[in-house]
Amino acid sequence: MSDIIDFCAAAVAGLVARGQLAGEPVVLVGSHARGTATAESDVDLLVLGQGPEYLLEVIGGRLVALSWRTPQEQARRFTAPESAVAEVPAWRAARIVRDAGGVAADLRAQAHAFTWDGLAAQADRWVAEQVTGLAEETHKVAAALRTGRARVAAVQRNVLVLRLPMVLAVHLRLLYDSENEVWDLVAAAAGGAWADTQDAALGLRGLSPDLSCRAALVLYRDAAAMVADLLDPRQAAVVAQAAALAD
């Protein structure tokens, strides 16, 4: 781990010399911070200040992903359910590269103190609205299947199978270090039936494209059943109509 921190410190010094950074706190996040990096993994450096938001550079033969975020914005991300699921574990594992004023250390402490308790109502509202919003994609899958538009059906199937687990991660109060873990974590937490349907919709069961699209409709129906108690009457009507398309 000391080797990667030394690399980050040297990378930051080079960026300062080129005028891309000043005295902002810098932290290492992602797979290198967690100790799970592979040979292909980029180095994720988060700068706590104003900047271009995101930039990729090759430094010392490594791909370095630079992100800029103000401390206030980072703190806000701990209080938004849709971002807390990933931001909290990322900051719990973060390695501080430079932090003269203690700002990064304070943010890491906030991440360690995080619980879902204070966000429960906000998380439920977000989940309900997200599932309601995905009803539109469900209708698009069904319409494309009916009219023989295989590419459109496949694209909308992918939207459902990518986004529904992200929503359920909040519903199930999960935390994940990387988006790459979401589908496995939700499959394990939601149970065998969900996992089987998710795999079918992802094309992992050897089904035809048509049947994998139909599996995505079932996936939506199952998600709707899981969150039914969170829906207000407007949302419930929208979701029920979309969920019925699975039949």
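Trp91 is buried, since its relative accessible area is 1% (buried means under 20% relative accessible area, exposed over 50% and partly exposed in between, with a 1.4 Å probe and protein chains only). The model is a predicted one, in which local features need pLDDT of at least 70 and side-chain atom pairs count only at pLDDT 80 or more, while totals for chains, interfaces and linings use all residues. Residues are numbered from 1 along each chain as its sequence is written, and side-chain values use heavy atoms, with hydrogens and water left out.

A search of the whole structure gives two aromatic pairs. Rings of Phe, Tyr and Trp (its six-membered ring) pair if their centres lie within 6.5 Å, and planes under 30 degrees apart count as stacked, over 60 as edge-to-face and the rest as tilted. Phe78 and Trp91 have ring centres 6.4 Å apart and planes at 85°, so this pair is edge-to-face. The pair links distant parts of the chain, 13 residues apart: Phe78 is in the loop between α3 (71-77) and α4 (81-92), and Trp91 is in helix α4. Helices (H or I, at least four residues) and strands (E, at least two) are DSSP runs, numbered from the N terminus. Phe78 counts as buried because its relative accessibility is 5%. Phe114 and Trp116 form an edge-to-face pair, with 5.4 Å from centre to centre and 75° between the planes. Both Phe114 and Trp116 are buried.

Charged side chains also meet aromatic faces. A charge sits over a ring if NZ of Lys or CZ of Arg is within 6 Å of the ring centre and within 35 degrees of the ring normal. Arg173 lies over the face of Trp116, at 5.7 Å from the ring centre, and Arg62 over the face of Phe7, at 4.8 Å from the ring centre.

Turning to the strands, five of them form an open sheet in the order β3-β4-β2-β1-β5, with mixed pairing (two strands pair if DSSP finds at least two bridges between them). The edges are held by β3 (54-59) and β5 (95-98), each with a single partner strand, so one side of each has no neighbour in the sheet. On average, neighbouring strands of this sheet are turned by 30° against each other, direction ignored. Axes are lines fitted to C-alpha atoms, for helices over the stretch in contact, and angles run from 0 to 180 degrees between N-to-C directions.

Strand β2 (residues 43-48) is mostly covered, with five of its six residues buried. Four bridges join β2 to strand β1 (residues 26-29) in an antiparallel arrangement, and Leu28 stands opposite Leu45 in β2. Six bridges join β2 to strand β4 (residues 62-69), and these two run parallel. In β4, Leu66 stands opposite Leu45 and Trp68 stands opposite Val47. Helix α1 (residues 2-17) lies across β1, β2, β3, β4 and β5, running at about 35° to β5.

Among the helices, α7 (residues 135-146) has buried residues Ala135, Glu137, Thr138, Val141, Ala144 and Leu145. Their cover includes α6 (120-133), α8 (150-171), α11 (209-226) and α12 (233-243), where contact means heavy atoms within 4.5 Å. Just after α7, Gly148 takes a positive phi of about 75°.
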